[in-house]
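Below are a few numbered notes for you to hold against the coordinates.

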Amino acid sequence: MKKRIRTLSVTALSITLPILGLSACVSVKEYQKSRINDADMELSARKSEKFEQNFYLYREGAAGANGGKSGGGCGCN
Amino acid sequence: MSVGLLLSLWRAGYAQQEKTSYETRKLKVKEVNLVSSYYQQDGNKSAVTGGIGTEKLSDYAQSIDLVLKATDQRHRQHTLAFDLNIDHYTSASSDRIDPLTVSSASRSDTHIYPSITWNIHDDVTRTTRGISFSYSTEYDYKSYGVNLNFVKASAGNNREISLKAGAFFDTWSVILPPELRPEGYGSGAEGDRDPIAYKPRNSYSAGLSLSQVINKRLQVLLTVEPAFQQGLLSTPFHRMYFKDGSETVERLPGSRLKLPIGFRLHYFLGDHVVLRTFYRYYIDDWGMQAHTINVETPVKLSSFASISPFYRYSHQTAVRYFAAYGQHAPTDRYYTSDYDISGFNSQFVGAGLRLAPPGGVLGVGHWQSAELRYGHYVRTTGMVANSLTLLVKLK
């Protein structure tokens, strides 16, 4: 169990740390964000993907970290 | 005279204050989203019949979410979101839980799951705090959920950190296949007075997200969302057939620790194309690892129409308790023949068409946009599915 937790922690850190290094990014002003604020650029799943995310949750073993459901409902059929 | 002038000024000021207070408190409908979806699947490895048999299923889903917005006296923005979802499905495999009972567990069933979310955003502190409650009910399953979230943005709104925590408290009605029911154990069907067991399944999750605007065209998001489940994690009517021909129901450990890590990268290419990419790595303590990649490229055909082809690929390894029909030894501690947690590759391909004309769709001013989305899903286990979704947004 300890070994598994260690593996999970190392995996999480190895992905998180490089992202924290992004603090050196260019500062973008509000008036320069016409493209960043476009609806298609929104950093989340689309509303039209709502039910697709449910069937991924039920038909696949992996779940989470994609803005979909993480529990509540059996999906057993 | 001066007193009269003072009085009228005070009245004017009070009236102004009253007007301002009224305006800041007014609750307005921000948007309404209606989602309708049809999903159907077929395959020949149903867990209900031990990893063999039809997986045919169709599902009609409807969703309405209403978002209300208001500003309080401290100029904080309150958002209230009501979300109601209803699925109605028919499932051939569920019909085989108990072929002798017409009203068995769920040949067809309706799944209803409403939720309510309240968020408070403060521009001064650049923070958002929120809480949501959810409920879910279907024939043999009930769930109550609560979620908390906190978001803090950087001074230039180019970086955002988000924390969330959630819990779901679920209850199973333990419906067993008829040949495996102990003496006096009920079927779970309406009108059957023999008792059945109820078992809990609880899920706890935490989430950490960090988003960053890299430049005028590129932004990224990292999400780490560990989850822990405990209780009855096996499905009580999933049959199991051992090597020696004996039969039981699947048995899985009473807890599961999951760690999904997701990464999104969205890039605006030129003036008309957006590249939306998503990658997720997943690992859990049942021995499953998975990699999922999703690429979508919305192409803006005009100022109000866009088409979005997408492709999703997923690879997962089997949990260590999985084996096909008749492959488990009766001496195994845990066993399942559920292909949803077997090793496979899956692909989902399709496209969406979105219309958002300036005067509203079909000239209806409040009908802001319409989106139609179709996808075809294939799994290397032989399962095939199709999904069609219509999203209508009103403002």
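This is a predicted model: local features need pLDDT of at least 70, side-chain atom pairs count only at pLDDT 80 or more; totals for chains, interfaces and linings use all residues.

1. First, the count of bridges where the two chains meet: there are ten salt bridges between chain A and chain B.

2. Between chain A and chain B, 32 residue pairs are in polar contact, with both residues at pLDDT 80 or more. On the chain A side that touches chain B, the elements giving two or more residues are α1 (2–20) and α2 (50–59) of chain A. Of these, α1(A) gives the most, with ten residues. By residue class, that side of chain A divides into 24 nonpolar, 17 polar and 15 charged residues.

3. Now the extent of the interface. In contact terms, 56 residues of chain A meet 98 residues of chain B. The size of an interface is often given as the accessible area lost when the parts come together. For chain A and chain B the buried area is about 6500 Å², and carbon and sulfur atoms give 57% of that.

4. Have a look at the surface of chain B as well. A nonpolar patch there has about 970 Å² of accessible area together, and its members include Tyr38(B), Tyr60(B), Phe304(B), Ile307(B) and Leu388(B). Which strands supply at least two residues each to the patch? They are β18 (344–355), β19 (367–379) and β20 (384–394) of chain B. Leu388(B), for instance, is found in β20 of chain B.

5. Last, the salt bridges over all chains, where the count comes to 22. One within chain B joins the side chains of Arg239(B) and Glu179(B), at 2.7 Å from N to O. Arg239(B) lies in strand β11 (residues 239–241) of chain B, while Glu179(B) sits in the loop between β7 (159–174) and β8 (197–213) of chain B, so the pair ties together parts that are 60 residues apart in sequence.

How values were computed
Residues are numbered from 1 along each chain as its sequence is written. Chains are lettered from A and ligands numbered from 1 in the order in which they are written. Side-chain values use heavy atoms; hydrogens and water are left out. Contact means heavy atoms within 4.5 Å. Buried area is the accessible area (1.4 Å probe) that two parts lose on being put together, summed over both. A salt bridge is a side-chain nitrogen of Lys or Arg within 4 Å of a carboxyl oxygen of Asp or Glu. A polar contact is a pair of N or O atoms within 3.5 Å; within protein, one must be able to donate a hydrogen and the other to accept it, and residues adjacent in sequence count only if both atoms are side-chain atoms. Helices (H or I, at least four residues) and strands (E, at least two) are DSSP runs, numbered from the N terminus. Ala, Val, Leu, Ile, Met, Phe, Trp, Tyr, Cys and Pro count as nonpolar, Asp, Glu, Lys and Arg as charged, and the others, Gly among them, as polar. Patches are made of residues with over 30% relative accessible area and no salt bridge: like charges are joined within 9 Å, nonpolar side chains (Val, Leu, Ile, Met, Phe, Trp, Tyr) within 5 Å. Accessible areas come from the Shrake-Rupley method with a 1.4 Å probe; for residues, only the protein chains shown count as cover.
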